[in-house]
Amino acid sequence: MRATLFSFQETALGELHSAVRDAHALWRENKPQIVSFSAPTGSGKTIIMTAFFEEILYGNHVEIGDPDSVFIWLSDSPELNQQTLLKIESKSDKIPVRDLVTVDSNFDAEYFEGGRIYF
C-alpha cells in the first residue's frame, strides 16, 4: 500500500474483515452473503478498500491471502468507476493493473475470474 491509513480507516478496515469472517461462517451454513461498504464522502473509502483488497488477496500479518477472491465495485457512474480504478492503481503496490477490469458492453466472459476487481 502506498498510503498510510488514519486510525478511523484502520477501524473500518478491521470491521470489513470482521464482516467477511461472519459472511464466511454463514456461507458455510449454506446462507450466501454479500458484504457491502459505504462511508461519507471524503472519508477515504477507496484507500480503505484498496488496503482491504490487498489484504484479502495477498494476506497480512494475521491471515494468509486468498488469491481467488473476486470483488465487484458497484456505482451508477462509469466515470466514477474509472476514477476509482485509477486511484486503486495509484495507491496499491500489489494489485496489478491487469487485475482491475472494467465491465462494459464489450465485456464477454462467462464468469468473473478470481483475483480480480471488477468495475
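This is a predicted model: local features need pLDDT of at least 70, side-chain atom pairs count only at pLDDT 80 or more; totals for chains, interfaces and linings use all residues.
**View 1. The largest pocket and the residues nearest its centre.** This pocket holds about 1400 Å³ of space. Its lining comprises 42 residues. Those that lie nearest the pocket centre are Val35, Met49, Phe52, Phe53 and Phe71.

**View 2. Elements and residue classes in the lining of the largest pocket.** At least two lining residues come from each of helix 1 (7-28), helix 2 (45-58), strand 1 (70-72) and helix 3 (78-91). By class, the lining contains 18 nonpolar, 17 polar and 7 charged residues.

**View 3. The second largest pocket and its lining.** The volume of the second largest pocket is about 150 Å³. Its lining is formed by Glu10, Leu13, Gly14, His17, Arg21, Glu55, Asn60, His61, Val62 and Glu63. Helix 1 provides the largest share of this lining, with 5 residues. Of the lining residues of the second largest pocket, 2 are nonpolar, 4 are polar and 4 are charged.

**View 4. A nonpolar patch on the surface.** The patch consists of Val70, Ile72, Leu74, Val103 and Phe112. Together, these residues have about 450 Å² of accessible area. One of them, Val70, belongs to strand 1. Val70 is classed as partly exposed because its relative accessibility is 36%, and the partly exposed class lies between the limits of under 20% for buried and over 50% for exposed.

Key. Residues are numbered from 1 along each chain as its sequence is written. Side-chain values use heavy atoms; hydrogens and water are left out. On a 1 Å grid over the protein atoms alone, a cavity is a set of points where a 1.4 Å probe fits but cannot get out, and a pocket is an open set with protein on both sides within 12 Å along at least five of seven lines; lining residues have an atom within 4 Å of a point. Grid points are joined across faces, edges and corners, and a volume is the space filled by probe spheres set on the points. Helices (H or I, at least four residues) and strands (E, at least two) are DSSP runs, numbered from the N terminus. Ala, Val, Leu, Ile, Met, Phe, Trp, Tyr, Cys and Pro count as nonpolar, Asp, Glu, Lys and Arg as charged, and the others, Gly among them, as polar. Patches are made of residues with over 30% relative accessible area and no salt bridge: like charges are joined within 9 Å, nonpolar side chains (Val, Leu, Ile, Met, Phe, Trp, Tyr) within 5 Å. Accessible areas come from the Shrake-Rupley method with a 1.4 Å probe; for residues, only the protein chains shown count as cover. A salt bridge is a side-chain nitrogen of Lys or Arg within 4 Å of a carboxyl oxygen of Asp or Glu. Buried means under 20% relative accessible area, exposed over 50%, partly exposed in between (1.4 Å probe, protein chains only).
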